[in-house]
Amino acid sequence: MPVVGNVLAGGRKEPVSWFNQTDEEVDMHSRVWRFLVAEHTNDWFYNTAVELQRTRIIPAVDHNFRVDLYYNWLKQTPYNSSPVRYHTVGADVLADTDTVPGTFIAICKVIEIDRQRVTSRDILTNIEPEMRQSVEARRAENTAYIAWFVRALNYRHDSYGYALDHLLVETPHPQSVGVDQKLRTMQRLVDRANRGEFCPGGPAAASNGGHAVASRYEALAIDNEVIGIK
């Protein structure tokens with residue numbers, strides 16, 4: 001599929017590089033991939049379309065993803081207790097939040113690899129035009145993949161927020177306060193990604209436009225009850 005996808009992408013006049021991937025690029029792709037799919041939620045994350053997009057069989061379709069699918073999956077899942085849905089949202093938010101920093105580091109390393117490629121290309125005089133073009137193509141591919149990660153991170157955050165808002169109306173419970181706190185922590189990472197701040201000390205490639213989400217309520221009694229997984 002990737003070989004066919006590269007041919008199709010070239011036919012669409014998209015940049016295509018035939019360079020082998022560095023270890024840093026392989027690591028970045030692996031880390032980003034977990035944000036592009038959600039195996040445990042029955043394709044609320046459009047896993048089939050994502051695989052076709054990853055292999056470039058089709059152009060980017062994730063711009064059109066609906067934020068209500070995660071909530072719909074929660075709503076249709078037969079939990080024994082309604083507060084467990086809050087626990088599920090909180091656990092999913094925490095899993096994303098815990099893995100974002102490592103993904104930022106991997107992205108930063110790839111940005112540096114692209115910088116080194118450009119430097120080497122500009123210094124060396126015996127590099128063929130095709131390889132010089134591949135340098136730009138690979139950098140464009142990496143930038144597009146990083147931008148996809150940023151969109152996916154926004155989509156996840158927005159889907160969790162949509163779910164929490166609707167759970168507050170459907171099945172109110174004080175445990176929602178803890179979920180909202182986790183979402184605000186995730187929002188800070190989303191804002192960094194939107195600003196392209198992947199590397200320590202400053203911004204880097206791929207920005208997607210940011211938005212801040214305020215707390216959904218100023219004061220609710222914090223519930224210390226521990227709700228288990230179904």
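**Figure 1. The largest nonpolar core of the predicted model.** In this predicted model, the largest nonpolar core comprises 36 residues. Met28, Leu74, Val89, Phe149, Leu153 and Phe198 touch the most other members of this core. At least two residues of the core are supplied by each of helix 2, helix 4 (69-76), helix 5 (83-123), helix 6 and helix 7 (176-194). The greatest contribution is that of helix 6, which gives 11 residues.

**Figure 2. Surroundings of Phe149 and its aromatic cluster.** Phe149 is among the residues that touch the most other members of the largest nonpolar core. When neighbours within four places in sequence are set aside, Phe149 is in contact with Val32, Phe35, Thr103, Phe104, Ile107 and Phe198. One aromatic cluster is formed by Phe35, Phe104, Phe149 and Phe198. A charged side chain also belongs to this view: Arg34 lies over the face of Phe35, at 4.6 Å from the ring centre.

**Figure 3. The aromatic pair Tyr145 and Trp148.** The count of aromatic pairs in the model comes to 7. In the pair shown, the ring centres of Tyr145 and Trp148 are 5.7 Å apart and the planes stand at 85°, so the pair is edge-to-face; planes over 60 degrees apart are classed in this way. Both residues belong to helix 6, where Tyr145 and Trp148 are 3 residues apart and therefore separated by about one helical turn. Tyr145 is buried, its relative accessible area being 7%. Trp148 is likewise buried, with a value of 6%.

**Figure 4. His157 in helix 6.** His157 is located in helix 6 (residues 129-170). With a relative accessible area of 3%, His157 is buried, because the limit for this class is under 20%. A polar atom of the His157 side chain lies 3.5 Å from the backbone oxygen of Leu183.

Figure 5. Leu36 is placed in helix 2 (residues 23-36). This leucine counts as buried, at 1% relative accessibility. Leu36 and Arg151 are 115 residues apart in sequence, yet their C-alpha atoms are 9.3 Å apart in space. For the protein chain as a whole, 75% of the contacts between residues at least 6 apart in sequence join residues at least 24 apart.

**Figure 6. Arg66 in the loop between helix 3 and helix 4.** Arg66 is found in the loop that runs between helix 3 (47-54) and helix 4. Its relative accessibility is 44%, and Arg66 therefore counts as partly exposed, since this class lies between the limits of 20% and 50%. The side chains of Arg66 and Asp68 are joined by a polar contact of 2.8 Å. The C-alpha atom of Arg66 is separated by 8.2 Å from that of Ser159, a residue 93 positions away along the chain.

**Figure 7. The protein chain as context for the close-up views.** The secondary structure of the protein chain consists of 7 helices and 0 strands, in the order α-α-α-α-α-α-α along the sequence. Of the 230 residues in the chain, 43% are buried. The accessible surface of the protein chain comes to about 11900 Å². Carbon and sulfur atoms account for 57% of this surface.

Key
Residues numbered from 1 in each chain as written. Predicted model: local features only at pLDDT ≥ 70, side-chain atom pairs only at ≥ 80, totals over all residues. Heavy atoms only, no water. Helix = DSSP H or I, 4+ residues; strand = E, 2+ residues; numbered from the N terminus. Buried < 20%, exposed > 50% of the residue type's maximum accessible area, 1.4 Å probe, protein only. Contact = heavy atoms within 4.5 Å. Areas by Shrake-Rupley, 256 points an atom, 1.4 Å probe, with all protein chains shown as cover. Polar contact = N/O pair within 3.5 Å; in protein donor to acceptor, adjacent residues only side chain to side chain. Phe/Tyr/Trp six-rings, centres within 6.5 Å; stacked < 30°, edge-to-face > 60°. Lys NZ or Arg CZ within 6 Å of the ring centre and 35° of its normal. Core = buried A, V, L, I, M, F, W, Y, C linked by side-chain atoms within 4.5 Å.
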